[in-house]
Amino acid sequence: SDGVFINDAKVTVADIETGNGVVHVIDAVLIPEITSVNNIDKINEINVYPNPTTDVINIDFSEKFENPINIKILNNNGLLIKHISNLDNSQSISIENLSNGMYYLEISNSKQRYYKKLILNK
């Protein structure tokens, strides 16, 4: 009698057909809730130096960070600049071909993904 709800959001218009599915309009914004923060402290166990840097960055991982490790360097627009696969727990990476600016390192393995900001200033 009160209508259909998704969490606290009421469905105001239902079953709008689109080219790739069906849309339901709700009267609120859904915000994801964090259900687990396991291993969130491991980000502090990844050491990227020097930062700011010039031509080479060094990345040291804690012993708890499982191999194989993959590194992606992304620009400010999220575009992939460089990808390095199957690293071990300590690595030096040449970035001499990159222009000055801010980049993001995506550090991941099969279970975890972290981001670190990197500043390049030659």
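Reader: Hi! Where does T53 lie?

Author: T53 lies in the loop between β4 and β5. Strands here are DSSP runs of E with at least two residues, numbered from the N terminus. This is a predicted model, in which local features need pLDDT of at least 70, side-chain atom pairs count only at pLDDT 80 or more, and totals for chains, interfaces and linings use all residues. Residues are numbered from 1 along each chain as its sequence is written, and side-chain values use heavy atoms, with hydrogens and water left out.

Reader: Thanks! Is T53 buried or exposed?

Author: T53 counts as buried because its relative accessibility is 2%, and buried means under 20% relative accessible area (1.4 Å probe, protein chains only).

Reader: Which residues is T53 in contact with, leaving aside its neighbours within four places in sequence?

Author: Those are I95, L118, I119, L120 and N121; contact means heavy atoms within 4.5 Å. A polar atom of the T53 side chain also lies 2.7 Å from the backbone oxygen of V56.

Reader: Nice. And how do β4 and β5 pair?

Author: They pair in the antiparallel sense over 3 bridges, with β5 covering residues 56-60. Two strands pair if DSSP finds at least two bridges between them. V48 stands opposite I59 in β5.

Reader: What order do the strands take in that open sheet?

Author: The order is β4-β5-β8, with antiparallel pairing. The edge strands, each pairing on one side only, are β4 (47-49) and β8 (90-94).

Reader: Switching topic: how many helices and strands are in the protein?

Author: It has 0 helices and 10 strands. Of its 122 residues, 26% are buried.

Terms used. Helix = DSSP H or I, 4+ residues; strand = E, 2+ residues; numbered from the N terminus. Buried < 20%, exposed > 50% of the residue type's maximum accessible area, 1.4 Å probe, protein only. Polar contact = N/O pair within 3.5 Å; in protein donor to acceptor, adjacent residues only side chain to side chain.
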